[in-house]
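Please walk me through this structure.

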Amino acid sequence: MSSAHWLRWLGACTLLIPAARAQAEWPHWGGPDRTWRLPRAQPPIALPAEGPTIAWRTTLDDAGHGGLVAAGGRLFGLIRRNDRDVAVAWDTATGAVVWETSLAAPSEVELDYGDGPFATPAIDGDRAWFVGGTGILRCHDRRSGELVWQLDLEDRFDCPRPDRGHAASPLLVDGALILPLGARGASIVAFDAATGRVLWARHDDDHDYGSAVAVRVDEQLHIVCQMADRAVGVDAASGARLWEFATDGTRTRNCMTPADLGDGTVVVGTSKGTWRLDLRQIDGETRRPKTVWASTRIRAQVGNYLFLPQHRVFLGPNSAHPGSRLVALDVDSGALLWRDRGIDCGFVWTMGDQLLAVASDGELVVARADRAGLTVESSANLLPDNKNWSAPAVAGGRLFVKGTGALLAIELGNP
């Protein structure tokens, strides 16, 4: 997959690859185009009454909470083993370890929720990139596991370590790997993905845990990220600040990746609220984008946003108040459509008209959602003895889920 293709896909946020290939690959956080949307499953997914078919299961001693990615018959993740970060490639068909590479990553201070990892890797071509909870950025050969380059982000940029460890997942754009770090003079950094060379490092914003997304606005590509107390947009090529929007965030609680709606608008949010911003209308003096709507119905701390364009519905977790669980807003007005208490805070995505969710308690839910509400079609508890705060991956007709002590492959049907 070429860098030029990455730029077009991420910039336009349009899925341009064949449906079969899209479901065969989950190359980074949020799936093929970072929107958490996949083509329709054929036939529709239906979990058997006796429970889903588990293709394989393996035990993980210290999995951490980092997410999964998959491509080319391989599943990739970063786990923690004592004071070492271990990059692992598993065979998607059998669960067998194809390769693993262990590197020292000691932590001098105890982090909330362990020493990680917390970020989701990224893969493109013959390379795979991993970010550890202690701030080690690594690039490996995807096929052999050989270390290509690594960089200690805290030493290189003197960036602070968040209370819960480094958790931003790499964003690949046109040959660059982009990470928000929160360092002085390097709050967002772009690296040459092939070599690790710094392409640009800009700004002084504090940062918590959220990942960045690329948003095409006319002919310009914005890198959008929720920082500690504001959402920001910078130019993908230079890192120059394009706009900023104060969100009055609460430190240690800003974990969400902004959602590109594909029309020059983006939804950003914290544990305080959610805002839809029009990046086509930016005030020339304040550099503040126009607010389309603001809502306190979705106050998210963990998980992901999901836009259902066919219904004009925007979904998000109200993890600040778990009793509300999944919340649906009218994407045009921000008005509340419904709240559903049946899905705990976790990760949610679509496959055509079906909605799938893996809750933080390990429950898999298959449902349909529209403007009227959520209809659960089937569900099953995949990880009864685990917590699931790791982003899942879908590839080759299988769902891959990692809990705190186990990794599972669940049959969903034909890829």
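Predicted model: local features only at pLDDT ≥ 70, side-chain atom pairs only at ≥ 80, totals over all residues.

Residues are numbered from 1 along each chain as its sequence is written, and side-chain values use heavy atoms, with hydrogens and water left out.

Begin at strand β9, residues 136-141. Strands here are DSSP E runs of at least two residues, numbered from the N terminus. Six of the six residues of β9 are buried, so the strand is largely enclosed by the rest of the structure. Buried means under 20% relative accessible area, with a 1.4 Å probe and protein chains only. In a regular strand the side chains alternate between the two faces of the sheet. Both faces of β9 are covered: I136, R138 and H140 are buried on one side, L137, C139 and D141 on the other.

Now the neighbors. Strands pair if DSSP finds at least two bridges between them. β8 (residues 127-131) pairs with β9 in the antiparallel sense over five bridges. R127 has D141 as its bridge partner in β9. Four residues lie between these strands in the hairpin, where G135 takes a positive phi near 95°.

β10 also runs antiparallel to β9, joined by five bridges. C139 is partnered there by W149. This hairpin has five residues between the strands, and G145 takes a positive phi near 85°.

L151 sits in β10, residues 147-152. Its C-alpha atom is 5.8 Å from that of I136, 15 residues apart along the chain.

Finally, the cysteines. The structure holds zero disulfides, a disulfide being two cysteine sulfur atoms within 2.5 Å. C159 is buried at 5% relative accessible area, and C225 is buried at 0%.

Methods. Buried < 20%, exposed > 50% of the residue type's maximum accessible area, 1.4 Å probe, protein only.
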